Every structure is written in structure tokens, then in C-alpha cells.
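Subject: Structure for you to look at

Hello,

Here is the structure I said I would pass on. Please open it first, then read the notes below with it on screen.

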Amino acid sequence: MQYLLLIYGDETAEMSEQDMVASMKPWNEYTDWLVEKGWMRGGDALQDTAHATSVTNRSGDRIVTDGPFAETKEQLGGYYLIEVDNLDDAIEAAGRCPGADHGTIEVRPIQDLPPREA
């Protein structure tokens with residue numbers, strides 16, 4: 001099964017460039033671990049919510065707003081797409097994610113949809 005590990009954290013924490021570089025070490029090690037396990041399928045960090053745009057359609061009108069849809073304490077900062085045998089493996093992967101030390105990792109299964117008709 002494929003799961004999306006959604007990484008939520010506080011994007012307002014400020015770091016020096018040196019601290020930022022140092023903070024990447026556990027993330028790189030975690031990514032390497034996923035690759036070694038054969039679970040890694042994809043992943044990326046996201047720019048902060050100041051660069052987000054939200055789009056909704058209401059009564060035939062498209063509404064485009066700057067920023068996230070709702071204000072929360074934690075913002076979606078990135079994700080990993082993994083493929084594992086079961087939810088227990090996905091939970092193990094989420095628990096090892098460095099983002100779990102300071103924020104929340106949401107484990108979301110990818111839904112299997114029927115093939116599209118041409």
C-alpha cells in the first residue's frame with residue numbers, strides 16, 4: 001500500500017542559515033533510511049504558507065485567496081510518499097520522521113481508484 005506522510009510543524013520558527021544546514025542532517029538520514037528499506041516513492045519540502053494560494057468554487061464563481069485556507073498552529077511543510085506492506089510499517093516510518101519530534105506526521109493511505117475510461 002502507498003501512504004502519504006504529511007509533515008506538519010510550526011513554520012514561524014526562525015533559524016540561522018548555519019542552523020538550517022545542521023537541521024537537514026536528520027532529514028537526509030531519514031530519507032536514506034526510507035530508500036534503504038525500499039519504501040521511498042517521493043517527497044518534497046513545501047514553501048511556507050505565505051507563498052500558498054487557495055482556490056474554491058462557489059455558486060459558479062472561482063475565489064482565489066492568498067495563503068492557506070484556515071489558520072492553524074501547525075502548517076503542512078512537506079511530505080513523503082512511501083509504499084509499505086501495511087499500516088504498522090507506515091506508522092514506523094512516521095515515528096522515525098524528524099518532523100515527529102517537533103510537530104505532527106499525518107499518515108494518510110492513498111486511495112485506489114478504478115482506471116479512468118478513455
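The lining of the largest pocket in this predicted model divides into 15 nonpolar, 12 polar and six charged residues. That lining is made up of 33 residues, and the pocket has a volume of about 1,000 Å³. If you want to find the pocket on screen, look for Ile 7, Met 15, Met 20, Trp 27 and Gly 77, which lie nearest its centre.

Which elements give two or more residues to this lining? They are strand S1 (2–9), helix H1 (17–37), strand S2 (40–45) and strand S5 (75–83). The largest share comes from H1, with seven residues.

Four strands form an open sheet, in the order S2-S5-S1-S6, and the pairing is antiparallel. S2 and S6 stand at the edges and have a single partner strand each, so one side of each is left without a neighbour in the sheet. From one strand to the next, the twist averages 20°.

S1 has a partner on either side in that order. With S5, S1 pairs in the antiparallel sense over eight bridges. Two residue pairs let you check this by eye: Leu 4 has Leu 81 in S5 as its bridge partner, and Leu 5 has Tyr 80 in S5.

Now the helices. How do H1 and H2 lie relative to each other: roughly parallel or roughly antiparallel? H1 packs with H2 (residues 87–96) at an angle of about 160°, and their axes are 10 Å apart. An angle over 145 degrees counts as roughly antiparallel, and H1 and H2 are therefore roughly antiparallel to each other. Their crossing is right-handed.

Regards

Terms used: Residues are numbered from 1 along each chain as its sequence is written. This is a predicted model: local features need pLDDT of at least 70, side-chain atom pairs count only at pLDDT 80 or more; totals for chains, interfaces and linings use all residues. Side-chain values use heavy atoms; hydrogens and water are left out. On a 1 Å grid over the protein atoms alone, a cavity is a set of points where a 1.4 Å probe fits but cannot get out, and a pocket is an open set with protein on both sides within 12 Å along at least five of seven lines; lining residues have an atom within 4 Å of a point. Grid points are joined across faces, edges and corners, and a volume is the space filled by probe spheres set on the points. Ala, Val, Leu, Ile, Met, Phe, Trp, Tyr, Cys and Pro count as nonpolar, Asp, Glu, Lys and Arg as charged, and the others, Gly among them, as polar. Two strands pair if DSSP finds at least two bridges between them. Axes are lines fitted to C-alpha atoms, for helices over the stretch in contact, and angles run from 0 to 180 degrees between N-to-C directions. Angles under 35 degrees count as roughly parallel, over 145 as roughly antiparallel, 65 to 115 as roughly perpendicular and the rest as oblique. A crossing is left-handed if the near helix is turned anticlockwise from the far one by less than a right angle, and right-handed if clockwise.
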